[in-house]
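Thanks for making the time this morning.

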Amino acid sequence: MLLAVFVLLFLSDVSAKPAKLRSKDSWDYFMFVQENPAGFCLTKAVGNCYYPPNVTDWIMHGLWPTKAGTIGPNFCDPSATFDPSALDGFLPQMVEKWDNLETDTDFYSFWKHEWLKHGTCASSIPAMSDEKGYFWTVLGIYDKFGFADILAKNGVKPSNNSLIPLEKFTAAFQNSVGVKPYLECMHSKELGSVIVQMSICLAKDYATPIDCSESSKTSCADQVYYAQSMYEVR
């Protein structure tokens, strides 16, 4: 089924902000970003999205150093390269928790993009000073902040049969981690506002959730479609 969608800028890791930065030292906090594979794939043309088998959770989009009121910093080391072998020791975990949903891209291309654009800007943090350290550290953050678990523990569960008030998502995160999430949706004529991505902001210790300028934003309607499966829709 082809859905009529308005593709949001976040798919290219960009928000509508007034300036861009490159310096790896000029940022204030992390944005920890996860995607709902079912929602994401529902809003893609048939055949252009990989829906992981037996998926039961949100998967990661990335951990992005962010300067309040700006885009980035991004691509902080123009000389940096991506070495796929750096992931060899934990590749199964990467596939499970940080998979590439785009079928028309190379297997490693998503991770390469995240490292070069965002990871190089986190290298001032000792645990993320190199490629292996960045990805391994972010996997640990995912284990601590699983969005599906946070939502489920607060009674917010995916459904292919009904819409859910947006305020329930906000309340779930405020109850569990003390901050508001940044929610992003795509819009289709068939389903309405489909939630595809959420973020929370973390302090530079990458363990402490904080409120940030993104927390008050959303591209979602008041009622959202939180997809349980891309194969069954209401």
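How many of the eight residues of strand S2 (residues 59–66) are buried? Before I answer, please keep in mind that this is a predicted model, in which local features need pLDDT of at least 70 and side-chain atom pairs count only at pLDDT 80 or more, while totals for chains, interfaces and linings use all residues. Residues are numbered from 1 along each chain as its sequence is written, and side-chain values use heavy atoms, with hydrogens and water left out.

The answer is eight of the eight, so strand S2 is largely enclosed by the rest of the structure. Buried here means under 20% relative accessible area, exposed means over 50%, and partly exposed lies in between, with a 1.4 Å probe and protein chains only; helices (H or I, at least four residues) and strands (E, at least two) are DSSP runs, numbered from the N terminus. Strand S1 (residues 29–35) pairs with S2 in the antiparallel sense over seven bridges, where pairing requires that DSSP finds at least two bridges between two strands, and Met 31 stands opposite Trp 64 in S2.

Let me turn to charge. The structure holds two salt bridges, each defined as a side-chain nitrogen of Lys or Arg within 4 Å of a carboxyl oxygen of Asp or Glu. In one of them, the side chains of Lys 67 and Asp 28 meet at 3.5 Å, N to O. Lys 67 lies in the loop between S2 and helix H2 (91–97) and Asp 28 in the segment before S1, so this pair ties together parts that are 39 residues apart in sequence. Lys 67 counts as partly exposed at 29% relative accessibility, and Asp 28 is also partly exposed, at 35%.

In the other, Asp 143 and Lys 97 meet through their side chains at 2.7 Å, N to O. That pair links distant parts of the chain, with Asp 143 in helix H4 (residues 131–144) and Lys 97 in helix H2, 46 residues apart. Here Asp 143 counts as exposed at 53% relative accessibility, whereas Lys 97 is buried at 13%.

Next, the interior. A nonpolar core is a set of buried Ala, Val, Leu, Ile, Met, Phe, Trp, Tyr and Cys residues joined through side-chain atoms within 4.5 Å. The largest has 47 residues, of which Phe 32, Phe 135 and Phe 169 touch the most other members, and H4 gives the most to this core, with six residues. A second, separate core of 14 residues includes Leu 42, Leu 101, Leu 191 and Val 196.

Finally, the cysteines. With a disulfide taken as a pair of cysteine sulfur atoms within 2.5 Å, the count comes to four. Among them is the link of Cys 41 to Cys 49, with an S to S distance of 2.0 Å; its torsion about the S-S bond is about -60 degrees, so that disulfide is left-handed. Cys 76 is joined to Cys 121 at 2.1 Å, and this link, with 100 degrees about the S-S bond, is right-handed. Cys 201 is joined to Cys 212 at 1.9 Å, with 65 degrees about the S-S bond and a right-handed link. If we number the bonded cysteines of the protein chain in sequence order, the pairing reads 1-2, 3-4, 5-8, 6-7.
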